[in-house]
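Subject: Structure handover

Hi,

My notes follow below it.

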2 protein chains.
Amino acid sequence: MSLAAEPGTIDGVVVRPPHDPPRAAVLSVGDELLLGDITDTNATWISRRLTEQGVEVVHQLSVGDDEERLAAALTWLAGQVHLVVVGGGLGPTADDRTREAVAAAAGVELRHDADLEEAIVQRFAAMGRPMAPQNLRQARLPVGARPFPPVGTAPAFALTLTDPSPTRVVALPGVPWELHALWEAHVVDEVAALAGRRVTVTRVLHVVGRGESDVAAVVEPVVGDRDDVILALLAKGHEIQVRLTVSADDRTAALEASQPLVEELSTALDGAVAGVDDEDLETVVLRLLGERGATLATAESATGGDIAARLARVPGASQALLGSVVVYATEAKQRLLEVAPALLADHGPVSAEVTEALAAAVRERFGADYAIAVTGVAGPATLDDLPVGTGFWALAHPDGGVEVHGRRIPGDRGQVLLRLGSAALDLLRRRLVGA
Amino acid sequence: MSLAAEPGTIDGVVVRPPHDPPRAAVLSVGDELLLGDITDTNATWISRRLTEQGVEVVHQLSVGDDEERLAAALTWLAGQVHLVVVGGGLGPTADDRTREAVAAAAGVELRHDADLEEAIVQRFAAMGRPMAPQNLRQARLPVGARPFPPVGTAPAFALTLTDPSPTRVVALPGVPWELHALWEAHVVDEVAALAGRRVTVTRVLHVVGRGESDVAAVVEPVVGDRDDVILALLAKGHEIQVRLTVSADDRTAALEASQPLVEELSTALDGAVAGVDDEDLETVVLRLLGERGATLATAESATGGDIAARLARVPGASQALLGSVVVYATEAKQRLLEVAPALLADHGPVSAEVTEALAAAVRERFGADYAIAVTGVAGPATLDDLPVGTGFWALAHPDGGVEVHGRRIPGDRGQVLLRLGSAALDLLRRRLVGA
């Protein structure tokens, strides 16, 4: 990893030696994490943002609502990193101990902040609700801390610990949207002060329809041993993400520096890259349809409507998506889309022939330009001796022609349904881009 | 929390004082966690399982593929807990450092295990693939470790550190299915040796259609200050989970001990509990339909097929689910389900009147016993001056009658779609149970 290494100062304190990549830890607070009731997605989000700004995350630690353990954890982390980002424990209740623990680790008292108190009082007045005295706990801050004005209800702050070595502590609320908003408003600058203004950008190629080892065999030789790029492969649901992390002086330069590699990889992957960065398969399909002023309908058996629902989750889907007929029961295939009883009897409801007929029929019923149809055996039970994972998908074209494909799809019920839908959407995408 | 506190011994070493709840830490290993590429769901799973066996998890820590940091983290945790569960870093590559780090923390060497080597050689022979010499790294274990026979490719092991105080370390592969299988086969007994055979069971009430603070106000007085029960509320997607954690000598006793409270809470929540434990809303609806031999069809606008797809994800859905007509475009409402143009013009496509007509029409088209229909404005754009979150849902009964409901649903696009679908499914559930 190539990291810029300008020395940074915060509040006049040099918090890391020059030419050394800054190191950080993420400290999440809450009993619900340790009980296994929730998964710590804040740590993932914070780590990604720190990585993008050129900071090396060396620890993620979760601790319960316990002041002593929190303070001990802070002290342990402070000995190893230049920055600790704390998420959670800033609420108004007696369980919220982050303020006290940071003060204890810093060896300072809590002080009462008059501006924060005023903001809290005004917030309750604006809501027309009485304020319980315990809410004023949120007006307390460790002596020497820099308060961040709250975006929700919890005031956040930053403070530099000096023992054993200078470490910046940023304390944020655990509510994700408050944490994200405070990050953009204040923490980006805190991190830049530490890491320099050099930024790290991660480009994402969304690969559909190929396995992880297959993708690795293609992309690894292309990236080679370039030391300005970090390559990571990640299997997520129905897709393999190829992630390229590149550093540069600003975001635009990093995007430009990575673009030739993105294009080279897209070529090497031979049309299997459905989208890049924020554009996933569903978004790309809707954009391509929109650009052509074309409409789509689906006929779904095994997926039960999931293909249409995946498209409907994208804002603006109504420009291209007309609707779907979900013919889950075999009789429904005949009743709603007039699949001939002989076709069903001869080939079975899960077959290339029936899938083809469904695509043609639903295109006609909706008056759509394109239509896709799927049938399959998602399991756990088999059907008509067809093994679990058997899937067919068809695409009806504006000229009335229909193409149909089928194969055995690996995975459990959920994965089979997801991948079957993706195979159909990817067939449409390839047709639209002329691949 | 009421925890049994029989002292436990492992390998003849008493690993915690009597009458003290045993404490544990989860240590996850992998650069991909610290880059923010993936979220640590293993830590959640392990924490829940430990909690259920009466162990208090006090830390979750993630560390990269770095032997020195791993060993330092193990040493730090060992000073605070009786058990450290390590996930990851047991693969065959040079990046996999868990074996070395545990040996370093224990102050022992690695030894070569002839049985493990034999198992590795045989595995490659069985696959007919050549074995690279580096795979024999997986035959090495810290001296004194108890090997767990591999269920996948990575051998796991347990070892007791004695300094600063006795701490059992269990090292497992990070691949979830291997981790889960080894847990059931070996780790349950390791934990029982530490915590005693007393078990902790978590009961889950799935509450639909009510807000978190509203649910809290109902359940907290019912649970009161019982010290044999831990109460936790958790907002997950479209539901609020009320979680009750209860200890007893075995699973059956814990279930029996918790049952009166589950029933009391269900009554207090006045029909809002869709299901208990593994039965969520979709599963309950399908079971209730199945018990009555009744069938269902849906007509969906805003949700785009998501209601039918949610049901189709449950194995055996085909017993009751006939299918769906997704009439996403306004014209499709008229074209596929013959909604009168005058009704659409007078009331708009998102209205009680149109939703009612859709439910009646789709029930008829599929020949179903019940039908549900939804229309709504999911945003971000408004429609016909209706605000984002406007939603209507209707239920057509076997007698031909249709009831329709509507309200403003809070949340972003994804949440509105999820909650709108749940409102419709919950209306059907209440009708089926006669609530």
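**Sheet in chain B**

E12(B) and strand E13 (residues 239–248) of chain B pair in the antiparallel sense over eight bridges. Two strands count as paired if DSSP finds at least two bridges between them. Helices (H or I, at least four residues) and strands (E, at least two) are DSSP runs, numbered from the N terminus. Within this pair, B:Ala235 sits opposite B:Ile240 of E13(B).

Before you read on, this is a predicted model: local features need pLDDT of at least 70, side-chain atom pairs count only at pLDDT 80 or more, and totals for chains, interfaces and linings use all residues. Residues are numbered from 1 along each chain as its sequence is written, while chains are lettered from A and ligands numbered from 1 in the order in which they are written.

The pair belongs to an open sheet of four strands in chain B, ordered E12-E13-E11-E14, with antiparallel pairing. Which strands stand at the edges? They are E12 (229–236) and E14 (273–276) of chain B; each has a single partner strand, so one side of each has no neighbour in the sheet. From one strand to the next, the twist averages 25°.

Helix H8 (residues 251–268) of chain B lies across strand E11 (199–208), E12, E13 and E14 of chain B. H8 runs at about 25° to E11(B). Axes are lines fitted to C-alpha atoms, for helices over the stretch in contact, and angles run from 0 to 180 degrees between N-to-C directions.

**Between the chains**

In total, 56 residues of chain A are in contact with 56 residues of chain B. Contact means C-beta atoms, placed from the backbone, within 7 Å. The chain A side has 29 nonpolar, 17 polar and 10 charged residues. Ala, Val, Leu, Ile, Met, Phe, Trp, Tyr, Cys and Pro count as nonpolar, Asp, Glu, Lys and Arg as charged, and the others, Gly among them, as polar.

Strand pairing also crosses between the chains: strand E4 (residues 56–63) of chain A and strand E4 (residues 56–63) of chain B are antiparallel over five bridges. There, A:Ser62 stands opposite B:Gln60.

**One loop residue**

B:Ile38 is in the loop between helix H1 (31–34) and helix H2 (41–52) of chain B. B:Ile38 has 16 other C-beta atoms within 10 Å, so it counts as partly exposed (buried is 20 or more, exposed 12 or fewer, partly exposed in between; C-beta atoms are placed from the backbone). Leaving out residues up to four places away in sequence, B:Ile38 touches A:Leu234, B:Glu32 and B:Leu33.

Best regards

How values were computed:
Contact = placed C-beta atoms within 7 Å.
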